[in-house]
Amino acid sequence: MSFFDRLAGGPGNLQQGDYQDWNQMVGSAPPDQFGRAAYGAIRQVDPQEYYQHTEPGFGGTDPFGALAPQQRGGLAQSLLGTLFNRGVDQQQIMQGAGLGTLDPNRMSPQDLAALSQWTQQNHPQAFGYTATQYQQQPDVLHSLLGNKALMLTAAALGAKYLSERSRGG
């Protein structure tokens, strides 16, 4: 099974050497390029498909529940911080995403799923900045972006790398 097959299968399928492969191929991209690629990728994912990826229990998966509590809280904090920095107010987030709390450490996997689903539909640019904070952590990125967006991000970065290399840049 290749690295990409294991990555597509979810964080539980990754092996120790895969993190090194990820960092060589994708993790070494400049953060601004990585963020643009992640933003472009999440915009290409249909909201219903993203819902199916993030919704706990849908299809027997729970990508945010699979993260350690501190990873989940950190991811929620990153996403919320990005939204706040973009001028989105707390009330808008709570009402839009249907949340009872904005405390990242008290958010359940369901809360984080609702937040990420609402963000994908209303503020997808927040994914670019948030993704750069987890550029070295493919397991967290998989939970946030899902298979399709993660593969599109990697493909976009690979295409850019090959294009620059062929031009001698």
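In this predicted model, the axes of helix H4 (residues 47-54) and helix H7 (residues 109-122) come within 10 Å and cross at roughly 165 degrees, which makes H4 roughly antiparallel to H7 (angles over 145 degrees count as roughly antiparallel, under 35 as roughly parallel, 65 to 115 as roughly perpendicular and the rest as oblique). The axes are lines fitted to C-alpha atoms, for helices over the stretch in contact, and the angles run from 0 to 180 degrees between N-to-C directions. Helices are DSSP runs of H or I with at least four residues, numbered from the N terminus.

The crossing of H4 and H7 is right-handed, that is, the near helix is turned clockwise from the far one by less than a right angle. On the H4 side, Pro47, Tyr50, Tyr51 and Thr54 meet Ala113, Ser116, Gln117, Gln120 and Gln121 of H7, where contact means heavy atoms within 4.5 Å. These residues divide into four nonpolar, five polar and no charged.

A second pair is formed by helix H3 (residues 31-43) and helix H8 (residues 125-133), which pack at an angle of about 135 degrees with their axes 7 Å apart, and this makes H3 oblique to H8. H3 also passes H8 in a right-handed crossing. From H3, the contact takes in Pro31, Phe34, Gly35, Ala38, Tyr39 and Ile42, and from H8 it takes in Gln125, Phe127, Gly128, Ala131 and Thr132; seven of these residues are nonpolar, four polar and none charged.

Residues are numbered from 1 along each chain as its sequence is written. Local features need pLDDT of at least 70, side-chain atom pairs count only at pLDDT 80 or more, and totals for chains, interfaces and linings use all residues, while side-chain values use heavy atoms, with hydrogens and water left out.

Definitions and conventions: Helix = DSSP H or I, 4+ residues; strand = E, 2+ residues; numbered from the N terminus. Nonpolar A, V, L, I, M, F, W, Y, C, P; charged D, E, K, R; others polar.
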